[in-house]
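Thanks for coming, everyone. Today I'd like to walk you through one structure, starting with its aromatic rings and then moving on to its strands. Have a look at it on the screen first.

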Amino acid sequence: MPLPADPALAALADLARRAPAMQVRAGTRLFDAGRPCPGFPLVDAGSVSVSLLAPDGRRLELYRVEPGEVCVVSATCLFAHRAATASGEARTETALRLISPADFEAVCERDPVLRRYVMGLMAERLADLMALVEAVAFQRLDQRLAALLCARGPRLLVTHQQLADDLGTVREIVSRLLRRFERDGWVSLGRERVDVTDAAALQRLCAASSAV
């Protein structure tokens, strides 16, 4: 089980070893906003995207859960006995183990070190989410796209729709911005591929004032 080498997670790792292993395909929904959390997921391989879904189908990715990481939405819902506040979906073929709500609650109650560890991770993730809110509210979309390309480059094997989903916008706007970046010589576009050819220019755009 590829959990972080932290003694706080010893009890959780023991539960994970006894939990049934799951293998799911890309696109499999693991939990839904507004519904009870089915358990606490620990990813062995692959990646889970945790997102907010708009009624029109648009998606804003909040964060990803990969091997060794903790799903804060699941932890929050299980701690508070509330429905999930976001949806989780496998980005790739993913192997994971699902600790039952009762087992997760029991181990956190009897292990204060683990409880403090999980609460600390929740605080860190909250800071990340606040940064995301700030970017969505105050940063231009072209700057957000440039930042995403810089973070995931130099070659991204993605569709324009996937980039739009990650940014919480529509494909047409992303395609228009990518074509502009290509005309400026900053990227090269291919079928389900974006190559960053001038990372420095994208970084300058990210650093520029967001004033229109």
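By a pair I mean rings of Phe, Tyr or Trp (its six-membered ring) with centres within 6.5 Å; planes under 30 degrees apart count as stacked, over 60 as edge-to-face, and the rest as tilted.

Let's take Phe79 and Phe104: their centres are 5.7 Å apart with 55° between the planes, which makes the pair tilted. Phe79 sits in helix α2 (residues 72-80) and Phe104 in helix α3 (residues 101-110), so this pair ties together parts that are 25 residues apart in sequence. Helices here are DSSP runs of H or I with at least four residues, strands are runs of E with at least two, and both are numbered from the N terminus.

Quick caveat before I go on: this is a predicted model, where local features need pLDDT of at least 70, side-chain atom pairs count only at pLDDT 80 or more, and totals for chains, interfaces and linings use all residues. Residues are numbered from 1 along each chain as its sequence is written, and side-chain values use heavy atoms, with hydrogens and water left out.

Buried means under 20%, exposed over 50%, and partly exposed in between, using a 1.4 Å probe and protein chains only.

Another tilted pair is Phe181 with Trp186, with ring centres 5.4 Å apart and planes at 40°. Phe181 is buried at 0%, and Trp186 also counts as buried, at 17%.

On to the strands. There's an open sheet of 4 strands, in the order β2-β6-β4-β5, with antiparallel pairing. Its edge strands are β2 (29-31) and β5 (59-65), each pairing on one side only. Two strands pair if DSSP finds at least two bridges between them. Inside this sheet, β4 (residues 48-53) and β6 (residues 87-90) are joined by 4 bridges, and Val50 stands opposite Gly88 in β6.

And then there's β7 (residues 94-99), which pairs antiparallel with β1 (residues 21-24) over 4 bridges. Ala21 faces Arg97 there. Strand β3 (residues 40-45) pairs with β7 too, antiparallel over 5 bridges, and Ala45 stands opposite Ala95.
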